[in-house]
Structure formats: C-alpha cells, structure tokens
Amino acid sequence: MTFGQRWIRQPQTIWLRKAIFQIHLWSGIGFGLYVLMASVTGSVLVYSNELFRAATRDPIVVATPGPRLGTRLSDEQLKAAAMSAYPGYKAVTLSHERNPNQAVTISLKAGSRAKSRLFNPYTGADLGNSVPWGIWLVSRTMELHDDLLAGPTGREVNGTGALLLLLLGFSGIVVWWPGIKAWRRNLTAHRKTGWRRFIWELHGMIGFWSLGFLVVFGVSGAYLGDPQPFQDLADRIQPAT
C-alpha cells in the first residue's frame, strides 16, 4: 500500500499524521489563549459605536461666575494653572468650546507621559479627565484587539497570529481525517461513546464545520496585520490600468 493510499484509508498508522497531531495539540493549548483574547475583544468591539455613545458624558458647563469673577482667564493663565496643578508637565495644546461657560481642554506632556484634563475657564480649577473612563476602556480594548497595545509591531504580530490560526485549522483537519470509510461518522458527535470520546468527536466536529470561518478570520487578520503583500498579489493578478 502506497503512502497516498494509507493516508486515504488508514491515516492513523502514518508517522506524519502523528507528528502533526502533537504539533496541533501543543500549539493549540498555547495559542488557544491568544484566540480567546482576540475573540472576546472582537465580540465586544462589534458594539463599539453603542459603547462609545453610552460612555459619552454631557459637556461640563461651569456656573456663571459673579460680577467679581466675570472675566475668563487668558490662554496663558489657563496653561499656567494647568502646569501648576501638574508640576513637571508642560501644557501643549488648549481647546475652547463654543459655549464660553464650558470647560476647556488642556493637553499636558512630560516626556513620554501625557494627560488631557478639563479646566474651569474662569478659575483655572482642575475639573477632571477630559476622556471618560468608559471611552478610554473601549479605546484600549480596540488597541488590544488591533495591535496588542504595541503599535505597528503588535499589529504585525497579530498578522502572524492570524497565519498561525490558519495553520492550526488545517492541521486540525489533517488530525480529524479518519479515513475514507469513517469520515461521514466524524461529521457529528455521538453521545453514547463515553465522555472522553464524546469530547474528542465534538472537538473534531466543531473544527470541521468551522474551518471556513477560520479561513476568513485568518486571511482577513493577516491582511489587516500587513496588507502590502495582499495588495501586491492583487496587482499581479490584475495589474492597475
């Protein structure tokens, strides 16, 4: 019996299949945590617009001051108040709103550290963070999903992770293949086979039927991680005119 015939009829006896099984098993254990993180954050970000709207607060409008405090502070005075409240930081930008009684936003930096705070335009009092914690949390979740909080390097790692997901899926199909006589039976899970066998069959069944989704997730994730090779391939297939 040739190698190809054994692969079709009795794949369990082939050493290559056993090796792929070990690779699939141990890589799946470690890679599963990464897939779980990407799945959970991606599911949350489906509702990112709704979450941003829910986290957006009403504008902070200060009370109109009395006659003695009727003049607004100048931009320089507001920046000085901000730097006084945060020693070591330098006021970089200041933005006004149309409503003169609405808090102004001042961005401060100290090396690689940055703050964005709201200040009373009449007294220079610190009114809190300009970015609500809910918006900050959703934004950080988006950064975690897109680039692992590591900028362009993290996005490239995510692209590599997507390719590994494809490899994990296709190696799973190799492990799943039971032979030409029994492949239909492995399309479903059977309850009366013991819990270990049931878990094995359930895992194989889910992996088989979800392979198409894994391919879509993997290819799209690899594209988002590094789109240039895909664009080059598209240009070769159909050159730009």
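Reply: Let's begin with the naming: helices (H or I, at least four residues) and strands (E, at least two residues) are DSSP runs, numbered from the N terminus. On that basis Leu149 lies in the loop between H5 and H6, and Leu148 belongs to the loop between H5 and H6 as well. The model is predicted: local features need pLDDT of at least 70, side-chain atom pairs count only at pLDDT 80 or more, and totals for chains, interfaces and linings use all residues. Residues are numbered from 1 along each chain as its sequence is written, and side-chain values use heavy atoms, with hydrogens and water left out.

Me: What makes Leu148 and Leu149 worth a look, in terms of phi?

Reply: Phi of Leu148 is near 55°, a positive value in a residue other than glycine. Leu149 also has a positive phi without being glycine, with a value near 60°.

Me: Why is Leu148 called partly exposed?

Reply: Buried means under 20% relative accessible area and exposed means over 50%, with partly exposed in between (1.4 Å probe, protein chains only). Leu148 has 27% relative accessibility, so this residue counts as partly exposed. Leu149, at 43% relative accessible area, is partly exposed too.

Me: How do you know how H5 and H6 are oriented to each other?

Reply: Helix H5 (residues 133-147) packs against helix H6 (residues 151-176) at an angle of about 55°, and their axes are 7 Å apart. Such axes are lines fitted to C-alpha atoms, for helices over the stretch in contact, with angles from 0 to 180 degrees between N-to-C directions. An angle under 35 degrees counts as roughly parallel, over 145 as roughly antiparallel, 65 to 115 as roughly perpendicular, and the rest as oblique. H5 is therefore oblique to H6.

Me: Which residues make that contact, and how are they classed?

Reply: On the H5 side they are Leu144, His145, Asp146 and Asp147, which meet Gly151, Gly154, Arg155 and Asn158 in H6 (contact means heavy atoms within 4.5 Å). By class, that contact has one nonpolar, four polar and three charged residues. Here Ala, Val, Leu, Ile, Met, Phe, Trp, Tyr, Cys and Pro count as nonpolar, Asp, Glu, Lys and Arg as charged, and the others, Gly among them, as polar.

Me: What is found in the turns of the hairpins?

Reply: S2 and S3 form a hairpin with two residues between them, where Gly111 has a positive phi of about 70°. The hairpin of S3 and S4 has six residues between the strands, and Gly124 takes a positive phi near 75°.

Me: What makes S2 (residues 104-110) count as mostly covered?

Reply: Five of the seven residues in S2 are buried.

Me: How do you know whether the protein is a compact globule or more spread out?

Reply: The protein has nine helices and four strands. Its radius of gyration is 29 Å, well over the 18 Å that the globule rule gives for 241 residues, so the protein is more spread out than a compact globule. The radius is taken over C-alpha atoms, and the rule is 2.2 Å times the number of residues to the power 0.38. Along its principal axes, the C-alpha trace spans about 100 × 55 × 35 Å.

Definitions and conventions:
Two strands pair if DSSP finds at least two bridges between them.
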